[in-house]
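Visitor: I would like to learn how to read a structure feature by feature. Please give me the general idea each time, then the case at hand.

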Amino acid sequence: MVRFAVQKEKQLPGLTAHAIHPISTGKLEGFNNKIKVAKRIGYCYRDDDFFFTLIRYLSIPSVRSPSHKKS
């Protein structure tokens, strides 16, 4: 128990910061995954400019998470 308490005491600033500001890296990880998938199928891209244009296109919020609303 003493070892556990010492370990938690060392991590106390990080734990309180997370409690105050609950920030997640989920969106960043999802976007990185999209870039990885684009790189895997990247053998068919004409050049680097096309690839980076695709990454910019994927960064548009409406493309990343399209709404399922019917117009």
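Visitor: How are helix 3 and helix 4 oriented to each other, roughly parallel or roughly antiparallel?

Guide: First, the ground rules. This is a predicted model, where local features need pLDDT of at least 70, side-chain atom pairs count only at pLDDT 80 or more, and totals for chains, interfaces and linings use all residues. Residues are numbered from 1 along each chain as its sequence is written, and side-chain values use heavy atoms, with hydrogens and water left out.

Guide: Now the angle. Axes are lines fitted to C-alpha atoms, for helices over the stretch in contact, and angles run from 0 to 180 degrees between N-to-C directions. Under 35 degrees counts as roughly parallel, over 145 as roughly antiparallel, 65 to 115 as roughly perpendicular, and the rest as oblique. Here helix 3 and helix 4 pack at about 150°, with axes 11 Å apart. Helix 3 and helix 4 are therefore roughly antiparallel.

Visitor: Which residues make the contact between helix 3 and helix 4?

Guide: Contact means heavy atoms within 4.5 Å. Helix 3 brings Phe31, Lys34, Ile35, Ala38 and Lys39, and helix 4 brings Phe51, Leu54, Ile55 and Leu58.

Visitor: How many helices and strands does the protein have?

Guide: Helices (H or I, at least four residues) and strands (E, at least two) are DSSP runs, numbered from the N terminus. This protein has 5 helices and 0 strands.

Visitor: Which residues form the largest nonpolar core?

Guide: In soluble globular proteins, nonpolar side chains tend to be buried together. A nonpolar core is a set of buried Ala, Val, Leu, Ile, Met, Phe, Trp, Tyr and Cys residues joined through side-chain atoms within 4.5 Å. Buried means under 20% relative accessible area, exposed over 50%, partly exposed in between (1.4 Å probe, protein chains only). In this model the largest such core has 5 residues: Phe31, Ala38, Phe51, Ile55 and Leu58. Helix 4 gives the most to this core, with 3 residues. Of the protein's 71 residues, 8% count as buried.

Visitor: At what angle do helix 1 and helix 2 cross?

Guide: The axes of helix 1 (residues 2-10) and helix 2 (residues 12-20) cross at roughly 60° and come within 4 Å. Helix 1 and helix 2 are therefore oblique to each other.
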